[in-house]
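Work through the exercises below with the coordinates open. Try each task before reading its solution.

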Amino acid sequence: MKQSTNELMKRYRDNIFAVAFNVCKNAADADDIVQETFLQYYITTKKFESEQHIRAWLIRVAINKAKNVNLSFWRQNKMPLEDYMESLAFETPQDETLFETVMSLPDKYRIVIHLYYYEDYSIREIAKILKMTESNVKVRLSRGRKLLKQTLKEDWEDDE
């Protein structure tokens, strides 16, 4: 059984993106992985038993490709945050402290806070970008702000 690649792309593109993004944590890499996964399906001569078999195969291929991206030379040799921070110019020491604190947040909070405050995306736009509900974005923003407030409050109390 072999289905049309276009049909499968329409049906499973978002699922494959989510799987790839979950593994490599980078939207651009996840987009590339989606394309490579469907390209591999297009050129494969493998016979599939059912649509479930095709879906499972696509997900497995996407996971493997995402793992390969994580093991790539560029990923292995990326610049540490500290080195990157030294290359940035901040207007005030408070701006630098805030940026460092945002960067220390867990991924799920850091991403929504960055998109909302630094990239000026609306909650609706963030929900579309991250493929999640608006209420989930609001919850992550709220929890991220709370973590920021706690961390910054501790820093300010330590300075006194």
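**Exercise 1: Helix 7 against helix 8**

Helix 7 (residues 107-118) packs on helix 8 at an angle of about 135°, and their axes are 10 Å apart. The model is predicted: local features need pLDDT of at least 70, side-chain atom pairs count only at pLDDT 80 or more, and totals for chains, interfaces and linings use all residues. Residues are numbered from 1 along each chain as its sequence is written, and side-chain values use heavy atoms, with hydrogens and water left out.

Task: Classify the packing of helix 7 and helix 8, then state which residues make the contact.

Solution. 
- Step 1. Helices (H or I, at least four residues) and strands (E, at least two) are DSSP runs, numbered from the N terminus. Axes are lines fitted to C-alpha atoms, for helices over the stretch in contact, and angles run from 0 to 180 degrees between N-to-C directions.
- Step 2. Classify the angle. Under 35 degrees is roughly parallel, over 145 roughly antiparallel, 65 to 115 roughly perpendicular, and the rest oblique. With an angle of about 135°, helix 7 is therefore oblique to helix 8.
- Step 3. Get the hand. Helix 7 passes helix 8 in a right-handed crossing. A crossing is right-handed if the near helix is turned clockwise from the far one by less than a right angle, and left-handed if anticlockwise.
- Step 4. List the contact (heavy atoms within 4.5 Å). Helix 7 supplies Ile 111, Val 112, Leu 115 and Tyr 116, and helix 8 supplies Ile 123, Ile 126, Ile 129 and Leu 130.
- Step 5. Sort by class. Ala, Val, Leu, Ile, Met, Phe, Trp, Tyr, Cys and Pro count as nonpolar, Asp, Glu, Lys and Arg as charged, and the others, Gly among them, as polar. The contact of helix 7 with helix 8 has eight nonpolar, no polar and no charged residues.

**Exercise 2: The faces of helix 8**

Task: Find which residues of helix 8 are buried, and say why they line one face.

Solution. 
- Step 1. Apply the cut-offs. Buried means under 20% relative accessible area, exposed over 50%, and partly exposed in between (1.4 Å probe, protein chains only).
- Step 2. Pick the residues. In helix 8 (residues 123-130), Ile 123, Ile 126, Ala 127 and Leu 130 are buried.
- Step 3. Look down the axis. The buried residues of helix 8 fall within an arc of 100°, so they line one face of the helix. The arc is that of the directions from the helix axis to the C-beta atoms.
- Step 4. Recall the helix geometry. An α-helix has 3.6 residues a turn, so residues three or four places apart point the same way.
- Step 5. Turn to the other side of helix 8. Arg 124 and Lys 128 are exposed there.

**Exercise 3: Positive phi**

Task: State where Asp 120 and Lys 131 lie, and give the phi of each.

Solution. 
- Step 1. Most residues other than glycine have a negative phi.
- Step 2. Take Asp 120. Its phi is positive, near 60°. Asp 120 sits in the loop between helix 7 and helix 8. With 62% relative accessibility, Asp 120 is exposed.
- Step 3. Take Lys 131. Its phi is positive too, about 55°, though Lys 131 is not a glycine. Lys 131 belongs to the loop between helix 8 and helix 9 (134-159).

**Exercise 4: Helix 2 against helix 3**

Task: Repeat the packing analysis for helix 2 and helix 3.

Solution. 
- Step 1. Read the geometry. Helix 2 (residues 27-43) and helix 3 (residues 51-70) pack at about 130°, with axes 9 Å apart.
- Step 2. Classify. That angle makes helix 2 oblique to helix 3. The crossing of helix 2 over helix 3 is right-handed.
- Step 3. Name contact residues. Among them are Ile 33, Phe 38 and Tyr 41 of helix 2, and Trp 57, Leu 58 and Val 61 of helix 3.
- Step 4. Count classes. The contact of helix 2 with helix 3 has ten nonpolar, two polar and three charged residues.
- Step 5. Follow the chain into the loop between helix 2 and helix 3, where Thr 44 is found. Beyond its neighbours within four places in sequence, Thr 44 contacts Lys 2 and Trp 57. Thr 44 and Lys 2 are 42 residues apart along the chain, with C-alpha atoms separated by 9.7 Å.

**Exercise 5: The whole chain**

Task: How many helices and strands does the protein chain have, and what share of its residues is buried?

Solution. 
- Step 1. Count elements. The protein chain has nine helices and zero strands.
- Step 2. Take the burial. Of the 160 residues in the protein chain, 29% are buried.
- Step 3. Check the range of contacts. Among contacts in the protein chain with a separation of 6 or more, 55% come from residues 24 or more positions apart.
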